[in-house]
Amino acid sequence: MIHREKALEHIQDPKKITLLRQIIDRMEMAMGSYRVQYSDFLDPYELSLALSLSHHLPDLEVKFSGGYPGAERQIMAFAPDFFDFSAEEGLALVLIESKEEALSHREVLGSILGLGISRNRIGDIKIEGHKATLVLKRELKDFILLHLKKVGRHRVLVRDLEGVDFKPPEDTWLERGTTVSSPRLDALVSAFYNLPRKETKAAIERGLVKVDFREETRPSYLVEEGALISLRGGGRRAYLKKEGQTRKGRYHITYGVLKD
């Protein structure tokens, strides 16, 4: 058994504490029932937190997968260390295809959530023109195949990709430049998303901004070069590098915008 209070004492975020308690439940169920247990999908930050718990159960085997090499969102699979199992057994892939218009990540995700499916049961969504490949928990596959008929206003065809060797398209980043007063989080978010500083500060303090997948509520937080920033509903930006100062003391920076 894991001493939960001690294992989680370094975590401050109540949401993450709840998530990790659920993962501990899965770990202990795997050891107690001698059955493979699966987590929901975790982002890279959540995955690192969950992996840190596994050393509390030395006889537990932990594996993880997101459906293809390099997947961002992944599930964890837990079983006693003498089991032969894989995390992929808990996953499925489906292809969503529109005959009318190109698909977007936002529309595909919105249509899936509109079916009553929670975000943590959906993995990566890879868009390529009129097609989208979706990674999801295996138990949801038949439901998606049966009920997902439209993305936005357009009809789609959905089919199972069981047994297909999926090679995802590479993400496209558009490089841009701007100036900021400092690499504070509020200054960067304001510049990246073209928002007033007051509105930016409120969004950060409400927990709508993440830095490298970790919720950051301090507007004054100093962001390091190479960090990934996301604003809920606004997409992702990458703070690439600082390239000197203007005569007025502002910083020239280069950043990337993830193309949908």
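What share of the contacts in the protein with a separation of 6 or more do residues 24 or more positions apart account for? The share is 61%, where contact means heavy atoms within 4.5 Å.

The model is predicted, so local features need pLDDT of at least 70 and side-chain atom pairs count only at pLDDT 80 or more, whereas totals for chains, interfaces and linings use all residues. Residues are numbered from 1 along each chain as its sequence is written, and side-chain values use heavy atoms, with hydrogens and water left out.

**Figure 1. Overview of the protein.** The protein contains seven helices and 14 strands; these are DSSP runs numbered from the N terminus, of at least four residues for helices (H or I) and at least two for strands (E). Its C-alpha atoms fill a box of roughly 65 × 55 × 30 Å along the principal axes. Of the 260 residues, 43% count as buried, that is, under 20% relative accessible area with a 1.4 Å probe, protein chains only.

**Figure 2. The open sheet of five strands.** The strand order is E5-E6-E4-E8-E7, with antiparallel pairing; two strands pair if DSSP finds at least two bridges between them. Strand E5 (122-128) and E7 are at the edges with a single partner strand each, so one side of each is left without a neighbour in the sheet. Strand E4 (residues 91-98) is joined to strand E8 (residues 154-160) by five antiparallel bridges, and Leu95 stands opposite Arg159 in E8. Helix H4 (residues 105-113) lies across E4, E5, strand E6 (131-137) and E7, and runs at about 140° to E5. Axes are lines fitted to C-alpha atoms, for helices over the stretch in contact, and angles run from 0 to 180 degrees between N-to-C directions.

**Figure 3. The surroundings of Leu148.** Leu148 occupies the loop between helix H5 (141-147) and strand E7 (150-151). Leu148 counts as buried because its relative accessibility is 3%. Leaving aside residues up to four places away in sequence, Leu148 touches Ile96, Ser111, Ile112, Leu115, Phe143, Val156 and Val158. Ala132 is 16 residues from Leu148 along the chain, and their C-alpha atoms are separated by 13 Å.

**Figure 4. The open sheet of three strands.** This sheet has the order E1-E3-E2 and antiparallel pairing. Strand E1 (37-38) and strand E2 (60-65) form the edges; each has a single partner strand, so one side of each is left without a neighbour in the sheet. Two antiparallel bridges link E1 to strand E3 (residues 75-80), and Gln37 has Phe78 in E3 as its bridge partner. Helix H2 (residues 14-33) packs on the sheet, touching E1, E2 and E3, and its direction makes about 30° with that of E3.

Methods. Buried < 20%, exposed > 50% of the residue type's maximum accessible area, 1.4 Å probe, protein only.
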